[in-house]
Amino acid sequence: MAEKSEQLHVDELRQRLRSMGYLDAGVNRFVLGPATERRQPSTIALLAAVRVGALAALLLGPAAAIGLNGRIPGLITGWRDAVVIAIYLGLLFGAAVTLATIVTSLAVAALAADRAAEYARRLSRAAGGTMAVASLAYLTLWWRSANAGFGWTAPIWTAFALAVAVGISLLLGHVTASAAFAVAIARHAAGAPRQNETSLTPRSWMPTAFAAIVAFAGAAALLVITAPREPAAASRIPLAVVSSGLRVKVIAIDGVDPAGVHLPADGRGHTLSQALTGTRAELAPDESNSSRDPARVWTTIATGQPPAVHGVTELETRRVAGVQGTIATSGESGLSRSIRGATDLLRLTRPSVASGRERKVKTMWEVAADAGLRTVVVNWWATWPASSGADGAIMLTDRALLRLDRGGPLDAEIAPASIYDRLKQRWPAIRDTALAHAHAAVETLDWGPPETRAVLMRSAELDAMQLELMREVSEPAPDLATVYLPGLDIAQHTLLGPGQTPLAPSEVSIRVDALRDYNIFLDRLLSDVITPANSEVVIVLTEPGRVTPSGAGLLGVAGKVAAAGAHVQARAVDAAPTVLHLLGLPISRELPGTPMSSLFSPDFVRRYPVRQIATYGPPSIQTSDRSGQPLDQEIIDRLRSLGYVK
């Protein structure tokens, strides 16, 4: 009798599911197969959820692998790699959807109570709708993350991807609703009247089509809403310039040991040594920057604000799809680590590096350009995307060299865009000239064994190319020219940085001597640049780089207004106000630093007292031409090869 009763229960459950249309479609019969056998509701929930998870794995795994291939082109090199990646991602998505379906099905069954047929429809529909919306939102954000925020700039591919996402999401929502309803009915098969039961499965294609249209529109709107936006342009703060007739040139050199800049015994390196040991300031190190992160340090120098204010706290970050901010990858809070771990697991984040988008305040060159002065900036950290908000401002960002090497349309690597064609045409000659200067400057220098010499030569060529680019765009001479030279820091980190194989003391000594001789190379390369012309002030800024555990930065001043032999103690935030004061600009009261007036002659200080203004306003945000392919992955690969990111 017990077996007959159980068989009646199964027959009744099967009949009720069939009468309501749940066993008409093949996908329904596949998912609800466990409900047609004699099983407990919890077992039905588990087995049905596994089948829903299998469908999710088959649908989402390949789709996610396609997106991953678009995000990291070098990851998938053939069909075998594609299959393996699809399996990995399918297992991940399948497990997640299985768990969600089990929880959803049991929750619907519990909430339906004794009036299963009346409440189960509504609750299962709500569960299926939730699954569909969550799946569609995830797939939409995945597409945005996988394609670096292209969105509707590639309308055909985006529309196709969203259509696929809608189809997948509707199918997953449907089978989730079916599974939840079957579990609820199985639990309360005898409790609900059947005379009013009607098919839940739509007999017409129109409701499904309408749902698909609504879902597509919602996904498109989500893609638009989460796309990166260029902030509205802010009005410029009027700045009165009291010109001293001086032009300022700022040469920034990373990786300089403050104890190693004195004149060598054989008289080599005279010009650079004199620039850093004559009229100078020692810039106290940032004790909160234990990693000596270059983007953080040099943005502080450029803005005159500490990292907590200017916003660039670290070079290597993670960008989350749909979120404008970034998550740091080291020195982060427990919450940030948890978020980053979860989003990395789900592939909702992509590696990123510090950019001008994170910067919240103006740089010294933006202040100068807004005041109508002509400026040139080459290779400074966090300058991409280039701003084109002021006339007479030339910006070659930290991605400019990569763009010139790769070619193609600009993605805001250079501003104004009008100079790109000339630079692109002249780039082979510029590069050849730079390499010739680099090789001439290293003659007679003993840089040790071939592998050590190769590292130093790579840095020398990089510095020479940045310097030659500054020369190329500095005619006629600008009011402010700045260039950042990373070569010495890159060489130090490669030869002596953390993670290197333990070296014999003799090998360490050879590498240290070679690195000291890099100062001789810099002196030869920069001899004409750091020798001030008439009406010119040259400022040489240095930082000890990532290898030196602690050490002060240096700011050397050369020019007719420099106070001979002056030596002051200062901070990195004092550098920008000093440059702006030399240019005749007022100093914002928002800046924590002050001009280092003690470095200048009494006559200059008397004739040009420090003036103040309430604020410089928000940073310039009129981005230059962005019609080209973004170089996000390429810049990460290059920085990784140079030891900046992991």
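Q: Which strand does S352 lie in?
A: In this predicted model, S352 belongs to strand β5, which covers residues 349-353.

Q: And is S352 buried or exposed?
A: S352 has a relative accessibility of 13%, and because buried means under 20%, S352 counts as buried.

Q: How far apart are S352 and I636, in sequence and in space?
A: The sequence separation of S352 and I636 is 284 residues, while their C-alpha atoms are 7.3 Å apart in space.

Q: What about the chain as a whole, how much of the contact count comes from residues 24 or more positions apart?
A: Taking the contacts in the protein chain with a separation of 6 or more, 75% are between residues 24 or more positions apart. Of the 646 residues, 53% are buried, and the chain exposes about 28,100 Å², with carbon and sulfur atoms supplying 59% of that area.

Q: How many helices and strands are there?
A: The protein chain has 20 helices and 14 strands.

Q: OK, sheets next: what is the strand order in the open sheet of 9 strands?
A: The order is β8-β7-β6-β9-β1-β10-β11-β2-β12, and the pairing in this open sheet is mixed. At the edges stand β8 (414-415) and β12, each with a single partner strand, so one side of each has no neighbour in the sheet.

Q: How do β2 and β12 pair, then, and over how many bridges?
A: β2 and β12 run in the parallel sense and share 5 bridges; A284, for instance, has R571 in β12 as its bridge partner.

Q: Which residues are on the covered face of β12, and which on the uncovered one?
A: In β12 (residues 567-571), V568 and A570 form the covered face, whereas H567, Q569 and R571 form the uncovered one.

Q: And in which sense do β1 and β10 pair?
A: β1 and β10 also pair in the parallel sense, here over 8 bridges, and the bridge partner of D254 in β10 is E543.

Q: Switching to helices, which residues of α8 are buried?
A: Helix α8 spans residues 270-277, and its buried residues are L272, S273, A275 and L276. They lie on the same side of α8, because the arc they cover around the axis is only 160 degrees.

Q: What do those buried residues of α8 pack against?
A: Their packing partners are the strands β1 (247-254), β2 (280-284), β10 (536-543) and β11 (553-558), together with helix α17 (505-526).

Q: Now the aromatics: how many aromatic pairs does the structure hold?
A: There are 11 aromatic pairs in the structure. One of them is formed by W447 and Y518, which are stacked, with 5.9 Å from centre to centre and 20 degrees between the planes. This pair links distant parts of the chain, since W447 sits in the loop between α14 (420-441) and α15 (450-472) and Y518 in helix α17, 71 residues apart.

Q: Are W447 and Y518 buried or exposed?
A: W447 is buried, with a relative accessible area of 0%, and Y518 is buried with a relative accessible area of 0% as well.

Q: Which residues form the aromatic cluster?
A: One aromatic cluster is made up of W298, W365, W380, W381, Y484 and Y644.

Q: Last one: what lies over the face of W384?
A: R399 does, at 3.7 Å from the ring centre of W384.

How values were computed: Residues are numbered from 1 along each chain as its sequence is written. This is a predicted model: local features need pLDDT of at least 70, side-chain atom pairs count only at pLDDT 80 or more; totals for chains, interfaces and linings use all residues. Side-chain values use heavy atoms; hydrogens and water are left out. Helices (H or I, at least four residues) and strands (E, at least two) are DSSP runs, numbered from the N terminus. Buried means under 20% relative accessible area, exposed over 50%, partly exposed in between (1.4 Å probe, protein chains only). Contact means heavy atoms within 4.5 Å. Accessible areas come from the Shrake-Rupley method with a 1.4 Å probe; for residues, only the protein chains shown count as cover. The arc is that of the directions from the helix axis to the C-beta atoms. Rings of Phe, Tyr and Trp (its six-membered ring) pair if their centres lie within 6.5 Å; planes under 30 degrees apart count as stacked, over 60 as edge-to-face and the rest as tilted. A charge sits over a ring if NZ of Lys or CZ of Arg is within 6 Å of the ring centre and within 35 degrees of the ring normal. Two strands pair if DSSP finds at least two bridges between them.
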